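Dear colleague,

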Amino acid sequence: KKPTPPEEKPSRWQRIKSMFKEHGPVFVAYYVTTWTAGAAVCYGGITIAGIDGIALLKYLTVDEMLLQHTRIDISGWSPALINGLIALELNELLEYVRLPVVIATTPTLSRMLAPYRRGAATKTQAAAAAAEAATVAEAAAAETAAAAANPGVGKRPSAGKRRRGG
């Protein structure tokens, strides 16, 4: 007898690819939302704390390194721009937490959003829509039958009469 090779688990990359195929739009929207929210929180925190990005970079001697190696002088740059760049870097540091959380919670979120996605109406929603369409059709048929049974109803009182001039 030949020993059967043990079943190999899919690699992490294969699992991410299969999850993306299954939950693609939800995963992308969820990830973009969490990334944007993280960047906004980082920028807001830096702004509220009153951190001067240019002074911070000078304290860390980053401005000297930039000037020496790339001839970029940041002293004339907008402090809001520098704070935004620092916030983006801090946001990227959160990636080690954000991506695993998004990957772990995407299937649950996808199941929760399934009734709202295009073309994914549940059976109860489809049955309710069919019942509503049937009642509308029945009401229209009843109106038509009532109008046919009473031919004078709905006409103007003077319809068909000629006026005599006099």
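In these notes a residue is called buried under 20% relative accessible area, exposed over 50%, and partly exposed in between, with a 1.4 Å probe and protein chains only. By that scale Arg71 is exposed, with a relative accessible area of 76%.

Please bear in mind that this is a predicted model, in which local features need pLDDT of at least 70 and side-chain atom pairs count only at pLDDT 80 or more, while totals for chains, interfaces and linings use all residues. Residues are numbered from 1 along each chain as its sequence is written, and side-chain values use heavy atoms, with hydrogens and water left out.

Arg71 sits in the loop between H3 and helix H4 (79-93), where helices (H or I, at least four residues) are DSSP runs numbered from the N terminus. Although Arg71 is not a glycine, its phi is positive, at about 60°. Thr61, also not a glycine, has a positive phi of about 60°; Thr61 belongs to the loop between helix H2 (53-59) and helix H3 (62-70), and it is partly exposed, with a relative accessible area of 36%.

Turning to the helix packing, helix H1 (residues 12-49) and helix H5 (residues 95-113) pack at an angle of about 110°, with their axes 8 Å apart; the axes are lines fitted to C-alpha atoms over the stretch in contact, and angles run from 0 to 180 degrees between N-to-C directions. H1 and H5 are therefore roughly perpendicular to each other, a term that covers angles of 65 to 115 degrees. On the H1 side, the residues that make the contact (heavy atoms within 4.5 Å) include Ile16, Met19, His23 and Trp35, and on the H5 side they include Arg98, Thr106, Pro107, Ser110 and Leu113.

His23 deserves a separate look. This residue lies in helix H1 and is buried, with a relative accessible area of 8%. Leaving aside its neighbours within four places in sequence, His23 is in contact with Thr106, Pro107 and Ser110. Its side chain makes a polar contact of 2.9 Å with the side chain of Ser110 and another, of 3.4 Å, with the side chain of Glu22; such a contact is a pair of N or O atoms within 3.5 Å, where within protein one must be able to donate a hydrogen and the other to accept it, and residues adjacent in sequence count only if both atoms are side-chain atoms.

How values were computed:
Helix = DSSP H or I, 4+ residues; strand = E, 2+ residues; numbered from the N terminus. Parallel < 35°, antiparallel > 145°, perpendicular 65-115°, else oblique.
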